Amino acid sequence: MKILLKNVSILDPRSIHNSLKKNILIENGVIKSISDDILSADKLVDAGGGFVSPGWFDMQAHFADPGFEHKEDLESGASAAAAGGFTGVAILPNTNPVIQSKNAVTSVSKGNPHRLVQIFPIAAVSLETEGEDLTEMLDLSNAGAVAFSDGLKPVWHPDILLKSLQYLQPINGLLINRPEDKLLSRFGTMHEGLVSTHLGLKGIPSLAEELMVARDIEILRYTNGRIHFSNISCEGSVQRIKEAKAEGMQITCDVAAHQLLFTDEDVADFDTNHKVNPPLRSKRDREALIEGLKDGTIDVIVSSHQPQDVESKNLEFDLAENGIITLQTVYPILNSLKDQLSIELLIDKLALAPRKLLGLEVPTITEGAEANLSIFHPNTNWTFDKNSNFSKSENSPFFGKELK
């Protein structure tokens with residue numbers, strides 16, 4: 001089958017066609033021609049001034065399958081990812097059973113071959129993600145795990161963190177940790193500050209994250225290896241990571257797209273779709289995150305897609321579960337920040353950097369290459385509702401709203 005992408009602006013710093021408006025002919029999944037010519041094809045996609053880039057990759061999503069398929073499964077998650085522009089997704093191990101065996105890893109990595117989106121498993125660091133006993137990480141890596149993390153849970157045990165960093169060094173494996181001191185964040189429902197005081201809600205201090213970042217940096221300094229901080233949310237974390245990077249330590253990090261748009265002030269209406277972990281922080285934290293993306297401290301933007309059923313969200317704010325479905329709204333969020341974040345920066349954080357960190361092949365837009373592409377248009381209006389939502393869940397503050 002031949003597909004012609006007409007009138008698209010190419011965004012790929014590794015392509016000789018970067019920043020040029022071209023027609024791209026794809027035949028049986030391979031880029032056959034990049035030119036000004038309008039060639040015959042079985043299907044014509046007129047981008048009308050849109051952009052095409054290497055396929056976007058989400059480094060952190062929760063598909064809840066197996067065990068919680070009523071919230072999401074691999075097929076619905078993949079459909080939501082495709083609709084959001086992603087061609088690859090790395091999924092968290094917090095399923096039932098946990099992704100901690102070779103069978104669990106291969107069932108994800110060798111799943112439905114007809115999906116538009118490739119799904120890559122992140123395997124658990126500790127058994128049952130409880131933080132007390134290590135999994136067989138080398139075997140899991142050989143089976144296809146692209147990284148190791150306890151996902152929605154932090155690796156709270158310092159000795160487990162230390163040993164896992166040592167254990168992964170022979171394979172240059174990546175340890176992903178969500179920095180959170182569970183004792184400091186216990187019972188908290190939102191960011192600790194003036195807003196939480198006014199609302200009468202128990203707050204989660206930035207200290208709960210910053211202390212864990214500092215701890216992990218010191219353990220990494222002792223052990224060497226590679227660590228990636230997931231979902232950083234506050235100014236102090238950005239600063240500590242920036243300083244550690246300047247020392248030459250192998251540290252990377254990501255930020256969830258919604259942390260770049262919302263702040264704790266958005267919790268004032270008690271909409272449980274704004275309840276996430278880590279919580280939405282202050283305006284100052286949000287500005288620090290954006291600056292961290294610009295100066296290279298923050299390497300990747302992730303969806304942090306976390307589906308929840310109605311029963312988990314239609315509750316009082318302090319009782320509701322954390323999470324937002326975000327795969328289909330990552331680009332609209334970032335598009336709304338285009339005056340602060342350049343489109344070239346976004347392509348690096350969404351398409352190139354995630355694959356580099358995970359050791360995956362980075363697609364490029366050149367003749368003869370596999371057509372692993374994302375097409376997007378910054379001026380197209382659409383409404384996120386029941387008709388356009390591909391997730392099984394609806395926990396999004398954008399539901400029912402018009403987006404670009």
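This is a predicted model: local features need pLDDT of at least 70, side-chain atom pairs count only at pLDDT 80 or more; totals for chains, interfaces and linings use all residues.

Colleague: Great, let's start with the helix. How many residues does α8 have, and how far does it reach?

Modeller: Helix α8 covers residues 235-246, which is twelve residues. From its first C-alpha to its last it reaches 17 Å, close to the 16 Å expected at 1.5 Å a residue.

Colleague: Which residues of α8 are buried?

Modeller: They are Gly236, Ser237, Val238, Ile241 and Ala244.

Colleague: Nice. Changing topic: how many aromatic pairs are there?

Modeller: The structure holds ten. Take Phe262 and Phe398: their ring centres are 5.5 Å apart and their planes are at 35°, so this pair is tilted.

Colleague: Where do Phe262 and Phe398 lie?

Modeller: Phe262 is in the loop between β14 and α9, while Phe398 is in the loop between β17 (382-384) and β18 (401-403). The pair therefore ties together parts that are 136 residues apart in sequence.

Colleague: Are those two buried or exposed?

Modeller: Both Phe262 and Phe398 are buried. Another pair to look at is Phe384 and Phe399, with centres 5.3 Å apart and planes at 75°, so that one is edge-to-face. Phe384 sits in strand β17 and Phe399 in the loop between β17 and β18, 15 residues apart.

Colleague: Why does Phe384 count as buried, and why does Phe399 count as partly exposed?

Modeller: Phe384 has 1% relative accessibility, so it counts as buried. Phe399 has 23%, so it counts as partly exposed. The cut-off for buried is under 20%.

Colleague: Got it. Which residues form an aromatic cluster?

Modeller: Phe51, Trp56, Phe86, Tyr331 and Phe376 form one. There is also a charge over a ring: the charged end of Lys275 sits over Phe317, 5.8 Å from the ring centre.

Colleague: What volume does the largest pocket have?

Modeller: About 1,000 Å³. Its lining takes in 35 residues, with Thr87, Leu116, Ala371, Asn372 and Leu373 nearest the centre.

Colleague: Which element gives the most to that lining?

Modeller: That's β16, with four residues. Elements that each supply at least two residues include β1 (2-10), β7 (86-91), α2 (102-109) and β16 (373-376).

Colleague: Last one: where does Asp133 lie?

Modeller: Look in the loop between β8 and α3 (137-143). Asp133 is partly exposed, with a relative accessible area of 45%.

Colleague: What does Asp133 touch?

Modeller: Leaving out residues up to four places away in sequence, Asp133 touches Val125, Ser126, Leu127 and Ile160. Lys294 is 161 residues from Asp133 along the chain, and their C-alpha atoms are separated by 38 Å.

Colleague: Thanks, I'll go and find these in the viewer!

How values were computed
Residues are numbered from 1 along each chain as its sequence is written. Side-chain values use heavy atoms; hydrogens and water are left out. The expected span of a helix is 1.5 Å times one less than its number of residues. Buried means under 20% relative accessible area, exposed over 50%, partly exposed in between (1.4 Å probe, protein chains only). Rings of Phe, Tyr and Trp (its six-membered ring) pair if their centres lie within 6.5 Å; planes under 30 degrees apart count as stacked, over 60 as edge-to-face and the rest as tilted. A charge sits over a ring if NZ of Lys or CZ of Arg is within 6 Å of the ring centre and within 35 degrees of the ring normal. On a 1 Å grid over the protein atoms alone, a cavity is a set of points where a 1.4 Å probe fits but cannot get out, and a pocket is an open set with protein on both sides within 12 Å along at least five of seven lines; lining residues have an atom within 4 Å of a point. Grid points are joined across faces, edges and corners, and a volume is the space filled by probe spheres set on the points. Contact means heavy atoms within 4.5 Å.
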